[in-house]
Structure formats: structure tokens, C-alpha cells
Amino acid sequence: MKEENRRAAALVAAMPLAAIMALWSAGGTGAGRWKAVEVAAAENDADQALLGRPIGLAFEGGALYVCDAQDCAVKVFAGDGKFLRAVGRKGAGPGELNFPSGVSVRGGRIYVADKSNSRVQVFDGEGRVLGGFALPFRPDRVLALDGEALLVSSNPTGRAASEKLLHIYDPAGRLLWEGLEASVSSDRVYDAFRNMIVVCAGGDGDFYVVHRNGERDVLHFAASGALAGRVPVDERHAFLPLDLPFAGPKKRLLGFCWAADWDGGFLYISAPERLDGRDLGPGRRLSMIDGTGRLAGTVDLPCPVYRFAVEGRRVFAVDEDGGLRIFEVVR
């Protein structure tokens, strides 16, 4: 019996966290409580390995891709944190970037939201430019979907009515679909908070949209842009109310999500935390949300994180100082 227990424990230890949560949920138990411990990352001597302003992460094919807006490059790391290469450099020409804000990898191709150049650029796995296309707006994030379609998110300018936050293009840059109309009021600052979204690629070419403030329904879209459903998130992942000095009547901001990622059938949402009793900042707890919106479990991180990517039991994250951290989720 002891040997069987040891084998069972070893099997569980090798399982991805999402698989364990699926079994946990099927068993009818309450939400699981997990913690993450730091994994020592490989040492890097190259100056290019330093991160100036990392604002976008993607994990694919055993490698982590980090958008560094300050250094105008996508920096590629192995799964142990070892620096491999930098893709792009500052500029406006082919293969050059200016404030890259999002990265996605699919089929050996690297797609970059080249924000200040108002375009999407495409590189191969070694960093050679393959092409791209111009956009009529500044992109925020890019996701490679099924059938080579590309989802590009944008921030509304407030200068035109009925601005859309989501846009799907084919590889040649032809617009296939637009959706998710921006919220508009007389207070543009308040609107900027209400229109903050996080987009996450699903497992079948689909994608999810999580509002960072004021909305607890996650929107699930097919790769075509068709709305596949609304997922009401478990109220145990609570709003964090905050009163800010917006223009006009008093308005309350309801903080819901600081960052998010999808892995193995679960959405991982980090709740914001209160800073100095006034503002909201990045959190250190991840809520694991299943396809019905139920809270399947929580993961406590050792520190607040600005961005993160989940792969199995590992969480790759950027901390408050812009440092790359690797965590392992344990019971």
C-alpha cells in the first residue's frame, strides 16, 4: 500500500496543474489552494538579456518570448530562463520595432504588435523578418489564431464614435472582422479604464476577452470573431472597488483583473491589489477559472507580478522591477 501511495504521489507530481484541477473539480470538492515557489533561473551575462520595459509575454515550443518596449525588441529565453536571442531593433524599417506591445508565436512564426509604427510584423524563429502589414490604429496585443488569422486588439482614442477594440486580419493584412465596441461617456479618463481588456488565446484557435475593470463576464470568441459565449466568473474572484477623482459625478472603479492567461482549459486571472489605500496595483494570487466560470483553485505567488504566462505547472512572470521570474506550482 505504501508503494502504491508513493506511485500515486509521483504520478500527481508529474501531472500538469490543469489536469489536477480537472480531476479536483470532477470530484466535487471545493476550490484547490496552491502556492508557487521560485525556481532558480539560468544566469545570463549578455546585456541583451536585461529587460527594460517588458509588457508582453508568450510561451510556445519550450521558449518564452518577452516584448521589451524600451529596448524595442522581442527577447527569447529558454524554459530555464537562459537568454537565446533578441528579435528586432529600434527603428521604422522592415524588421525594426518601435514600442512593441504584444507578441504571439504559432507555427514557428513570431507575430509582433509594433505599436508606435502602427503595424504587425512577422519574423521566423531565428528572427528574420518575413513581412507584415500596416494598421489604421496603434495595436495593443496580437494573437495568432486558427487558420493563420490574427487577432489585433486596440485602445480606443475617443475621437470617433463606435470604435472597436478587436480586429481580425488575414496574413496579408486584409480585415476579416471587427467587434467589441468601446464604452463611451463624457469622461474620457474613466472610459480608458473601462475599456482596458486582456486577450488570451484558447486551445482551438478561439480566444477570450477579460475586462480589467467593471465587468465580470469573460467573453469567449471563435476564431472567426463570432461570440461563442459569455462566462460569468465565480464571485469568489471578487471585485476590488476604488473611488478615483474622475470628472463629473462620483464614479467607482471596480477592479477585476490585472493580467490573465489561458492554459489547459483554464483561465488564470490575477486580481489587482490595493496600493497605499488609494490605487490598484498588480496582484500575487491567480484564480483558476474553468469553462463554466467556476473557481477551480487559486495559486499564491511569492510576489506581485505585472504579466505572466502559464505552461503546465510553471508560471513565467515579470515582477514589479521588470525582472523575469520563474515559479513552480506545488501543493
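**Entry 1: one bridge pair**

I started at Arg-141 and looked for its bridge partner in S13, which is Ser-153. I note here that this is a predicted model.

Next I checked how the two strands meet. S12 and strand S13, residues 150-154, run antiparallel. I found 5 bridges joining them.

**Entry 2: the sheet**

I then widened the view to the sheet. It is an open sheet of 4 strands, and the pairing is antiparallel. Reading across, I get the order S12-S13-S14-S15. Which are the edge strands? They are strand S12 (139-144) and strand S15 (175-181). Each of these pairs on one side only. I also looked up the twist: from one strand to the next, it averages 20 degrees. A reminder to myself: strands of a sheet pair through backbone hydrogen bonds.

**Entry 3: the cysteines**

I turned to disulfides. I used a cut-off of 2.5 Å between cysteine sulfur atoms. The count by this rule is 0 disulfides.

Cys-257 has 2% relative accessibility, so it counts as buried.

I repeated this for Cys-303. Its sulfur has the one in Cys-257 as the closest cysteine sulfur, at 17 Å. That is again too far for a bond. Is Cys-303 buried or exposed? Cys-303 counts as buried, because its relative accessibility is 11% and the cut-off for buried is under 20%.

Definitions and conventions:
Residues are numbered from 1 along each chain as its sequence is written. This is a predicted model: local features need pLDDT of at least 70, side-chain atom pairs count only at pLDDT 80 or more; totals for chains, interfaces and linings use all residues. Side-chain values use heavy atoms; hydrogens and water are left out. Two strands pair if DSSP finds at least two bridges between them. Axes are lines fitted to C-alpha atoms, for helices over the stretch in contact, and angles run from 0 to 180 degrees between N-to-C directions. Buried means under 20% relative accessible area, exposed over 50%, partly exposed in between (1.4 Å probe, protein chains only).
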